[in-house]
Amino acid sequence: MGFSQHTGKDGRLSMPSLFQQIQAGKVWDFHGGIHPPTRKQQTSQKPVAVMPLPDRLYIPLRQHIGVAGQLLVKAGETVLKGQPLTLADNSMAVPVHAPTSGTVLAITPHTGAHPSALPELTLVLAPDGKEQWREREPLTLASCDNMTLLNRIQESGIAGMGGAGFPTHLKTGVNQPVDYLIINAVECEPYITADDLLMQEAATTIVKGIDILCQLLNPKAVLIGIEDDKPIAAAAMMAACSQREHYYVRTVPTKYPSGGEKQLIQLLTNKEVPNGRRPVDIGIVMQNVGTAFAIAQAVLDDHPLLSRIVTVAGDTLSQPQNVLTLIGTPVSSLLNFCGFQSEPKQRVIMGGPMMGFTLADLSVPVVKTTNCILAPTAEELPAASNEMDCIRCSSCADACPASLLPQQLLWYSKAKDSEKLAEYNLADCIECGACAYVCPSEIPLVQYYRVAKAELREQQREALKAEQAKARFEARNARLEREKQERAERNQQLAAARQQQQLASGANNAVADALARIKAKQAQASADTANTATETASAATQSSADKTAILAERERKKQQAREYQQQKAAAIAAEMKADENAATDASTDQIATPSDSAAADNSNSTADNKAAAVAAAIARARAKKAAETAPNTAAPVQTDAEASTEAKTETDNDADPRKAAVAAALARAKAKKAAETMQSTAPAETAAAALTAADSEAGNGVDPRKAAIAAAIARAKAKKQADSENS
Amino acid sequence: MSFKIASSPHQHNQLSTAQIMRLVAFACLPGIAVQAVLFGYGVIIQLLLAIVTAWCSEALVLKLRNKPILPRLKDNSALLTAVLLAIAIPPYAPWWIIVIGTAFAIIMVKQLYGGLGNNLFNPAMAAYVLLLISFPLQMTQWLPPLSLQSVSLTPADAVCAVFSQYSCSGFSLTQLQSSIDGITMATPLDTLRTDLSRGLTLDESLTKPVFFAFAGAGWLWVNLAYLLGGLLLIQQKIISWRIPVAVLASLFVLSSIASLAAPDTMAGPLFHLFSGGTMLAAFFIATDPVSASTTNRGRLIYGALIGVLVFLIRNFGGYPDAYAFAVLLANMAVPLIDYYTRPRTYGHRTRSER
Amino acid sequence: MTLVTALIAVGTLALVFGAVLGYAAIRFKVEADPLVEQIDDILPQTQCGQCGYPGCRPYAEAIANGDDINKCPPGGEATIRKLADLMGVEAKPLNEAQTESVKRVAYIREDECIGCTKCIQACPVDAIVGASKLMHTVLVDECTGCDLCVEPCPVDCIDMVPLTVTPERWKWDLASIPVKMVD
């Protein structure tokens, strides 16, 4: 109902009355919600503690939604406090800064602050304790335009500090008109008091930050939403705002999840964000109170986002409190600072008890979005007991702030019915956990939805990829078809030209001439590589010769393909035969013949590196196969060593195709020899053979250096093999 | 020490399925007590029989299905089914009636559909209908309330009656059923139906001793006791107010209109609300979460549907009381109701707005 | 007489309803995608040819003409199920037992690549870049994991490697997180 009244044109028309209602202090309600015990007293009455510098800081390069910036520093470099470590080279990037001065130890993957505990690229910083600042250039609000402000916000690395981490400069750099700027100070999750303390201690700075946001967005009114269980913070904010007439501090009833973006919008303005749109589409921008504070620091002090207030709570701590923590501080240091006494099967939660995730180990660093570290005892937050059957009691539907039907979603999630999931608006689930909280059967509903959502995302990605693949496949087919057609056309033209020529001159002589030309052409082509041959051919003016050259080229390619097929067939045959040990030698001999001749042929007709490579690969493959079938354990290493050496030498030699072919032949011979020796001779002998083989090869190679390397490798392998044999 | 990986939320409220089921069963206690006092101790024997049968059959099927037995017995759902069936049947019905009924409810209606949460029909009511159709005689042998009984029964008599159909002093059930003046007593609803079909007017019929004030003697108190239990459940937020209110409201409205239109043949709203199993059904049976509608609007429709069906069957159908039938018919409509009463999701338009 | 009346009445009714149905069939006709298109949309478009057809579309055409629906290993069980739904036939298990549950992409060991361009020619979606005698590399985002480049490589320098899981693509499988023992 509220939806139809307050969107689009209606929304603009009904503005005055709505605005009046808001001015009068009216606060609305949203569907569902729960009242978990808040347990905020643990930390809300104590001042914010400042933690001493930890030994190491682990700074993930990406701590927001978007892409990481370009790395600016190298391992070993010394950095100053506040120095940017990455460069925001596009609008989706947000830089990270050195939280203190020190030395960059490494830039490596490190367990990230993510439920998956997967490693992310992280910069490891060793603080030097000097706290040396880089040069700072504070701005004044009056002296700069919006562009400067937005750049400063981006350069200072500010991303939504309420939990999502959306880049702030994108959210504040909108072009649409903004009616309401909502400052989210609700902090509805149990335990967390970071924003509460921030407001108690720094309300003035926050309001300065809001002033900057107002300059950027120019809203009609600023609504600051605070839950009614934070009276001190609300009073502090009220006092700080007293000079601004369009700033309204609104207390909302304590109910979870009133701090959700959509829920708070509904609470304060009675508007709903239409499905698939953003709040700014209905003239609302929401910023977290911590973000406002960070903006003020960044603009007015040129103090980038280096630290944040983190609530450290739970009964396993002797001193639960709010701590001003440097970004990158490992959770273990933070917990130890607060007197952590771990239990067996301890849970450590990053974030609140409703939406936070458990950490797999404590080396995870605090990032820009970390508002709470929770280390509860088992009695305090009992682990979920066994999941039971759903009794369709619908408590979940009553608690759902998005008015979804969680049990239907559960049903379809289990059935992986993506169509039905879409129909029941799974995408609108904000994963607040209210449904799972009230579920009497203790079904981990949110977990089911997350899996289903990930699955849906993956499906969409797959579908997109399939579409792209199809487009690429079709484009490729079209290209191949076009090329074929072009070739056909050219051939036709050539044929026509030749016919004309034939008509012009005497028939027999022309043919003889053409043949002569072809031979000359072939001879020329053999000197060049395959590609240049084709090019020269197509560029040449003698049309008939060209055509034959192309034909010859194609014929050659076909021939090559056929040979490759043959060789492959032979190789398969070899494998089969190799099973019977006695037959191995004979078969290798057999195969050697066709490939030998092939290599010779190729070197005759055109220069062919490929042939050499093919031969080398075949030699290697055969050697490998022989090794596989060998009964002697020592043999494989040996044969392998030899084969690879040969292959290498050959590849190196490939400038000279003839020699390459020779080398290939030698390789085959050696493979054969190896097969023989492994049946009869001792390992030491084999090693010696390898050595000689390598040496002789070195003589063959055009590049003695490369051959030497190959020989060295062969020797090393032989030695290794001999060692393993001895031990 | 290792760190435990768990999915959020990490906090749960501690009201479990087993507790909900137990609370509903406890809320039946006032009604059961009144029933035992006014209609004899038979109901307690029936209760014991039903619970034992329910546990046994549940355990048997779970074993056959290779499911863990103890955790599922502990969810108290079989217990609740047994309780509801036991208080719905006549207190002195022969023992095998309740055994067959409970076993059918648990094995056929609940477990064969997939166990707790998967059954389409209310197990207790499906079993009741089975018994009513299969054993109509035994299922209508309600004794008159204590005040009208010619022979008063001791607890020992109750045991004898249930197991042998004769009291320990040798009275047959038919003899027990007759009142002080020797006339065989039926339930008030039954009596009214018979009288009306014989051409008596409502007022003439209501003068009979089986009626008391505006409802049946004894039945008024039983209904009031269940109403009390039901209100407790609503207050504890165990059940939603929507279903009982919808049932009672639709029955009230329809019977008011009917009694205004035909005062001689149609009983008034108070008679309907406080006779038979109205309150038991409205608060305890129709609210069974598994087989009831799950959306808020759906619950109102579902409840109203039951009220309408009860009214129709009581006045125009072949049975004096109709809750079992009404509930089963409404159960069948639940998937449809649920589908068409989905709430509007945040940020989405409603079906009509689209 | 009554018989005739009845016949006429029933006949007229039949005619009327027939006309209504016929009209409705034309008036409310839903233009469905041709079957081949629908099948092609379900297929994963890896163009791998493991079905024995040169690409996904030819296989789609073959299915429309009655070929088996269980010849697409990259699509796996999910594709078979969707095809079974669409074609109204029983879902069969994949004909080869080698269901690929893990997504893989090709990886060229660049030290060993000799620049033969054979894999470039084999790639159905042009996901390999490189020039003759120069090193080739695979565009991971475009690779469909079809395997077709592995066979032609003369030096066996192409591997099919499982796609690494990133936090964005992680599927909330909490059980997959290794539990570390500390202290």
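Ile309(A) sits opposite Leu324(A) in strand S13 of chain A, and that pair is a handy place to start with this predicted model.

Zooming out to whole strands, S13(A) covers residues 321-326. It pairs with S12(A), residues 307-313, in the antiparallel sense, with six bridges. With S1(A), residues 49-50, the pairing is parallel and comes to two bridges. How buried is S13(A)? Five of its six residues are buried, so the strand is largely enclosed by the rest of the structure.

Chain A also has an open sheet of four strands, running in the order S2-S7-S6-S4 with antiparallel pairing. Strands S2(A) (57-60) and S4(A) (78-79) stand at the edges; each has a single partner strand, so one side of each lacks a neighbour in the sheet. As for S6(A) and S7(A), residues 102-111 and 119-127, they pair in the antiparallel sense over nine bridges. One spot to look at there is Thr111(A), which faces Pro119(A) in S7(A).

Here are the strand pairings of chain A described so far, side by side:

| Strand pair | Sense | Bridges |
|---|---|---|
| S6(A) (residues 102-111) and S7(A) (residues 119-127) | antiparallel | nine bridges |
| S12(A) (residues 307-313) and S13(A) | antiparallel | six bridges |
| S1(A) (residues 49-50) and S13(A) | parallel | two bridges |

Where does Thr187(B) lie? It is in the loop between helix H10 (173-177) and helix H11 (188-197) of chain B. And is Thr187(B) buried or exposed? Being buried takes 20 or more C-beta neighbours within 10 Å; Thr187(B) has 22 inside 10 Å, so it counts as buried.

Finally, the two chains meet. On the chain A side 54 residues are in contact with 35 residues of chain B. Four elements of chain A each supply at least two residues of the side that touches chain B: helix H1 (2-5), strand S15 (357-358), helix H15 (434-438) and helix H16 (445-504). H15(A) gives the most, with three residues. By residue type, the side of chain A that touches chain B divides into 31 nonpolar, 14 polar and nine charged residues.

Terms used: Residues are numbered from 1 along each chain as its sequence is written. Chains are lettered from A and ligands numbered from 1 in the order in which they are written. This is a predicted model: local features need pLDDT of at least 70, side-chain atom pairs count only at pLDDT 80 or more; totals for chains, interfaces and linings use all residues. Two strands pair if DSSP finds at least two bridges between them. A residue is buried if 20 or more other C-beta atoms lie within 10 Å of its own, exposed if 12 or fewer, and partly exposed in between; C-beta atoms are placed from the backbone. Two residues are in contact if their C-beta atoms, placed from the backbone, lie within 7 Å. Ala, Val, Leu, Ile, Met, Phe, Trp, Tyr, Cys and Pro count as nonpolar, Asp, Glu, Lys and Arg as charged, and the others, Gly among them, as polar.
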